[in-house]
Amino acid sequence: MIAEIDRCARCGFCEAVCPTYNAVRMRHMGPRGRLQMARIAFDGGAPSRYVVESLATCLRCRACELVCPASIRIVDVIVEARRRLYARA
Amino acid sequence: MEGWIHALRDLLVDNLRRSRFPLPADRSICSRWASGLPEGGRRVLYTSCMYQLAPLIARAVDVLERVGAGSGGVRAKMAAAGARLFGGLLLRPSDEEAGRADGILRNIAAMLGRAGVQFGVLRDEPYSGALLYELGFEEDFASYAREVYRYFKERGVEEVITVDPHTHYVLERAYPKYVDGFDLKVVSYMDLVRPSRASVAKAVVHDSCLYARYLDRYDVYRRLLDSAGVARVEDPYVTGKAYSGCCGGPIESVRPDVAGEVAKIRSRQLSRLSDVVVTVCPICRVNLSRAAPTLKVLDLAEVVS
């Protein structure tokens with residue numbers, strides 16, 4: 001999963017189609033921000049409220065994956081990070 | 001926010017354990033539509049009570065917003081603590097909402113009958129557990145899914161016909177991962193019916209994310225509308241497979257304020273193409289209707305017959 005996150009070039013194409021990013025315009029509420037929040041969740045440290053908010057609000061709509069030039073499995077990464085985060089709590 | 005998410009998990013798990021329904025409500029609302037249909041059999045029409053549940057989720061969200069769940073901080077903590085109580089007290093569908101859900105399901109059953117599909121219904125059918133899966137409570141979902149599978153097997157069910165994308169997705173894609181030996185055949189009613197009439201002449205389709213991008217059904221409901229004579233208004237940046245935006249429904253119970261804003265943006269995009277919107281998911285229909293009361297948001301089974 002970390003290898004998937006590392007492939008993100010931060011181009012931002014995903015943000016243009018992300019419904020939550022377009023609703024609130026906060027980077028942790030868009031796909032590329034969520035990938036970095038997922039990295040924190042995988043690292044196992046104490047999650048900030050931004051990490052929880054970021055991962056819990058992904059709609060899993062997959063719009064980002066269809067425009068990602070690197071074909072990153074963004075939703076799979078977020079879902080797995082969220083699962084680990086909830087399992088720890 | 002973490003406290004609120006865990007309160008939500010407790011609310012869902014408690015209710016599913018008690019009544020196989022995720023919210024505190026009268027279970028009789030789930031089977032009213034099925035009067036006169038045969039009980040059980042090898043092939044069943046499985047609604048998972050989604051059409052009756054969708055307006056209840058909308059009610060719950062109204063309550064969540066009033067008690068401050070979306071705003072975080074102390075008010076969210078208080079809302080979390082009181083979740084079980086307010087759910088039990090307030091979640092009732094209106095007669096209009098329940099009647100509309102019943103009408104949609106009766107039309108689906110009638111279309112299946114006309115297409116020569118034989119099926120039964122299960123009047124005490126359990127909820128599929130889709131909400132647990134989608135919110136990320138995987139372990140709870142896994143044990144609940146095994147229970148639902150056992151329920152079907154004990155009644156001799158071999159094939160289920162689904163009516164909504166959430167139930168279809170978890171049965172087809174998630175259950176096989178968590179239930180050993182899962183062998184139910186899962187089909188959507190959309191793959192079986194042959195509608196020839198329509199109640200509207202022109203409409204824009206709001207896609208379900210699951211049907212369009214997970215279950216490869218993007219063209220299926222479009223073909224049904226075409227065969228019934230509905231003129232579809234399309235714009236690749238609004239209704240294209242990659243750009244058809246989500247309604248916000250999946251995070252309604254987590255951040256109703258963000259979900260509401262997502263629904264408003266989506267309904268504005270759709271309204272530029274047509275004032276009639278066809279949905280294929282009960283959650284999308286309820287969510288978009290709340291965000292844009294002037295838009296006529298209909299379910300596919302209210303449009304074709």
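Leaving aside its neighbours within four places in sequence, which residues is B:R43 in contact with? In this predicted model, the residues in contact with B:R43, once those sequence neighbours are set aside, are B:V117, B:Q118, B:F119, B:G120, B:E159 and B:I161. With B:E159 there is also a polar contact between the two side chains, at 3.2 Å. B:R43 is partly exposed, because its relative accessible area of 30% falls between the limits of 20% for buried and 50% for exposed. A further distance concerns B:L105, which lies 62 residues away along the chain and whose C-alpha atom is separated from that of B:R43 by 16 Å.

**The sheet of chain B**

B:R43 has its place in strand β1 of chain B, which belongs to an open sheet of three strands in the order β1-β2-β3, paired in the parallel sense. The edge strands are β1 (43-46) and β3 (185-188) of chain B, each of which pairs on one side only, and from one strand to the next the twist averages 25 degrees. Strand β2 (residues 159-162) of chain B pairs with β1(B) through four bridges in the parallel sense, and within these two strands B:L45 stands opposite B:I161. In general, the strands of a sheet pair through backbone hydrogen bonds, in either a parallel or an antiparallel manner.

**The interface of chain B and chain A**

How many residues of chain B are in contact with chain A? There are 27 residues on the side of chain B, and they are in contact with 24 residues of chain A. The area buried between the two chains is about 2300 Å², and carbon and sulfur atoms give 67% of that area. On the side of chain B, the residues that lose the most area to chain A are B:E2, B:R213 and B:Y214, which together account for 22% of what that side buries.

The count of salt bridges between chain B and chain A is two, and one that can be named joins the side chains of A:E53 and B:R255, with an N to O distance of 2.4 Å. Across the interface there are also five residue pairs in polar contact, both residues being at pLDDT 80 or more. In chain B, the helices α1 (2-19), α6 (130-135), α9 (209-214) and α12 (256-271) each supply at least two residues of the side that touches chain A, and the largest share, four residues, comes from α12(B).

**Helix α5 of chain A**

Helix α5 (residues 49-56) of chain A is largely enclosed by the rest of the structure, because six of its eight residues are buried. The buried residues are A:V51, A:V52, A:E53, A:S54, A:L55 and A:A56, and they pack against α4 (31-43) and α7 (74-88) of chain A together with α1 of chain B.

Within this helix lies A:S54, which counts as buried because its relative accessibility is 0%. Leaving aside neighbours within four places in sequence, A:S54 is in contact with A:H28, A:R34 and A:M37, and its side chain reaches the backbone oxygen of A:H28 at 2.7 Å.

| Pair | Distance |
|---|---|
| B:R43 and B:E159, side chains | 3.2 Å |
| A:E53 and B:R255, side chains | 2.4 Å |
| A:S54 side chain and A:H28 backbone oxygen | 2.7 Å |

Definitions and conventions. Residues are numbered from 1 along each chain as its sequence is written. Chains are lettered from A and ligands numbered from 1 in the order in which they are written. This is a predicted model: local features need pLDDT of at least 70, side-chain atom pairs count only at pLDDT 80 or more; totals for chains, interfaces and linings use all residues. Side-chain values use heavy atoms; hydrogens and water are left out. Two strands pair if DSSP finds at least two bridges between them. Axes are lines fitted to C-alpha atoms, for helices over the stretch in contact, and angles run from 0 to 180 degrees between N-to-C directions. Buried means under 20% relative accessible area, exposed over 50%, partly exposed in between (1.4 Å probe, protein chains only). Contact means heavy atoms within 4.5 Å. A polar contact is a pair of N or O atoms within 3.5 Å; within protein, one must be able to donate a hydrogen and the other to accept it, and residues adjacent in sequence count only if both atoms are side-chain atoms. Buried area is the accessible area (1.4 Å probe) that two parts lose on being put together, summed over both. A salt bridge is a side-chain nitrogen of Lys or Arg within 4 Å of a carboxyl oxygen of Asp or Glu.
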